[in-house]
Amino acid sequence: MIKLGHFRKIDLLAIFILAFLWSGLTYIIMFYFPYIFEVILFATALFATFIALLIRKVGSVTLFFSFAGVMTLVVPILGVLGFDKILVLVSMGLVFEFIIYIFKKYLNLIIAGTISNASMPWLMALSKNQFSTNLSYALWNFTIISALLGVLGALVGMGIWYKVKNSKLVLKFEYERGF
């Protein structure tokens, strides 16, 4: 399913466009609905799963998170701002890719979305160096919410993929040479 290889220009363009869409959604949610962070977690798993299915190359999800982190550098996603956010998002991408590499089945996308999202609170706390006993209950609650939203996002991302995978645009994207 996931293979090693170089990215085509069209692969990079697709990753960039999807990162731009995720960033736009993040901007809208953070500025107009700042208390609905769950939508961002859901969208993160959805986009990561869709990218993994569309590109099918090692590093595509991590590259997506890298682009998305740079595009949202000034937006405090769930309290993480600046370069710490890029580090957290890239780490989430690495977790996602590692899980995909270990399991090598379609079920792994659900597991990868779950564990990647569940790792976000811990990576955020690690980046801010804020581990304490007061934070542990909130951290575990946030981890459970993130994991559940990761499952839902991955399932919806897979559902969207199975609806569009035989469309002319996707087939042309997958089999087009010379980009």
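Me: Is the crossing of helix 3 and helix 4 left-handed or right-handed?

Reply: This is a predicted model. In it, the crossing of helix 3 and helix 4 is right-handed.

Me: Which residues make the contact?

Reply: Helix 3 contributes Ser60, Val61, Thr62, Phe65, Ser66, Ala68, Gly69 and Val70. From helix 4 come Lys85, Ile86, Leu89, Val90, Met92, Gly93, Leu94, Phe96 and Glu97. By class, this contact has 10 nonpolar, 5 polar and 2 charged residues.

Me: At what angle do helix 3 and helix 4 pack?

Reply: Helix 3, residues 60-71, and helix 4, residues 83-103, pack at about 165°, and their axes are 8 Å apart. Angles over 145 degrees count as roughly antiparallel, and the two helices are therefore roughly antiparallel to each other.

Me: Changing topic: how many salt bridges does the structure hold?

Reply: The structure holds 2 salt bridges. In one, aspartate 11 meets arginine 8, at 3.0 Å from N to O. In the other, lysine 57 pairs with aspartate 11, with the closest N and O atoms 2.8 Å apart.

Me: Where in the chain are lysine 57 and aspartate 11?

Reply: Lysine 57 lies in the loop between helix 2 (37-55) and helix 3, while aspartate 11 belongs to helix 1 (residues 9-32). The pair links distant parts of the chain, 46 residues apart. Salt bridges with shared partners join Arg8, Asp11 and Lys57 into one network.

Me: Why does lysine 57 count as buried?

Reply: Buried means under 20% relative accessible area, and lysine 57 counts as buried because its relative accessibility is 10%. Aspartate 11, with a relative accessible area of 2%, is buried. Arginine 8 is buried too.

Key: Residues numbered from 1 in each chain as written. Predicted model: local features only at pLDDT ≥ 70, side-chain atom pairs only at ≥ 80, totals over all residues. Heavy atoms only, no water. Axes fitted to C-alpha atoms, helices over the stretch in contact; angles between N-to-C directions. Helix = DSSP H or I, 4+ residues; strand = E, 2+ residues; numbered from the N terminus. Parallel < 35°, antiparallel > 145°, perpendicular 65-115°, else oblique. Left-handed = near helix turned anticlockwise from the far one by under 90°. Contact = heavy atoms within 4.5 Å. Nonpolar A, V, L, I, M, F, W, Y, C, P; charged D, E, K, R; others polar. Salt bridge = Lys/Arg side-chain N within 4 Å of Asp/Glu carboxyl O. Buried < 20%, exposed > 50% of the residue type's maximum accessible area, 1.4 Å probe, protein only.
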